[in-house]
Amino acid sequence: MHDTDVFDTVISLLADEGRGVDAVAVGAQTSLGGDGLHLSSLELVRLLVNLEERFDIELDDVTIMNSRFDSVADLVHLVGRSLEMSGRELISATGDTERA
């Protein structure tokens, strides 16, 4: 799986939530908080649950509690680590295989 697939899924899930986002306006470094997508903590939790369901992964609660989710890239990285832990790989847009 490619990191662009994860990014596109995040954008799709945000659009499904009525956030009115598109991949052109939102980049990997777009803030999830006040100066970007303005996600509340509840909206972030819903997004994390939707990512778990979409990718058939279980996000580690301890990792979530000890992480800062400042940007879309942070979510992509978290999903990539969870995919790796489930025996799948995340391949970056440059073709590099990420193994956390």
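How far apart should the ends of α2 be at 1.5 Å a residue, and how far apart are its end C-alpha atoms? The 15 residues of α2 should span 21 Å, and its end C-alpha atoms are 21 Å apart, which agrees. The expected span here is 1.5 Å times one less than the number of residues in the helix.

A word on the model before we go on. This is a predicted model, in which local features need pLDDT of at least 70 and side-chain atom pairs count only at pLDDT 80 or more, while totals for chains, interfaces and linings use all residues. Residues are numbered from 1 along each chain as its sequence is written, and side-chain values use heavy atoms, with hydrogens and water left out.

The chain holds four helices and two strands, in the order α-α-α-α-β-β from the N terminus. Helices (H or I, at least four residues) and strands (E, at least two) are DSSP runs, numbered from the N terminus. Of the 100 residues in the chain, 38% are buried; buried means under 20% relative accessible area, exposed over 50%, and partly exposed in between, with a 1.4 Å probe and protein chains only.

| Helix | Residues in helix | First to last C-alpha |
|---|---|---|
| α2 | 15 residues | 21 Å |
| α4 | 14 residues | 20 Å |

Leu-44, Leu-47, Leu-48, Asn-50, Leu-51 and Phe-55 of α2 are buried. They cover an arc of only 165 degrees around the axis, which puts them on the same side of α2; the arc is that of the directions from the helix axis to the C-beta atoms. On the other side of α2, Leu-42 and Glu-53 are exposed. The cover over the buried residues of α2 includes α1 (3–16), α3 (61–65) and α4. After α2 comes Asp-56, with a positive phi near 50 degrees.

Now for the pairing of α2 with α4. The axes of α2 (residues 41–55) and α4 (residues 72–85) come within 11 Å and cross at roughly 35 degrees. Axes are lines fitted to C-alpha atoms, for helices over the stretch in contact, and angles run from 0 to 180 degrees between N-to-C directions. Leu-44, Leu-47, Leu-48, Leu-51 and Phe-55 of α2 meet Leu-75, Leu-78, Val-79 and Leu-83 of α4 in this contact, where contact means heavy atoms within 4.5 Å.

In α4, the buried residues include Leu-75, Leu-78, Val-79 and Leu-83. Gly-87 follows α4, and its phi is positive, near 90 degrees.
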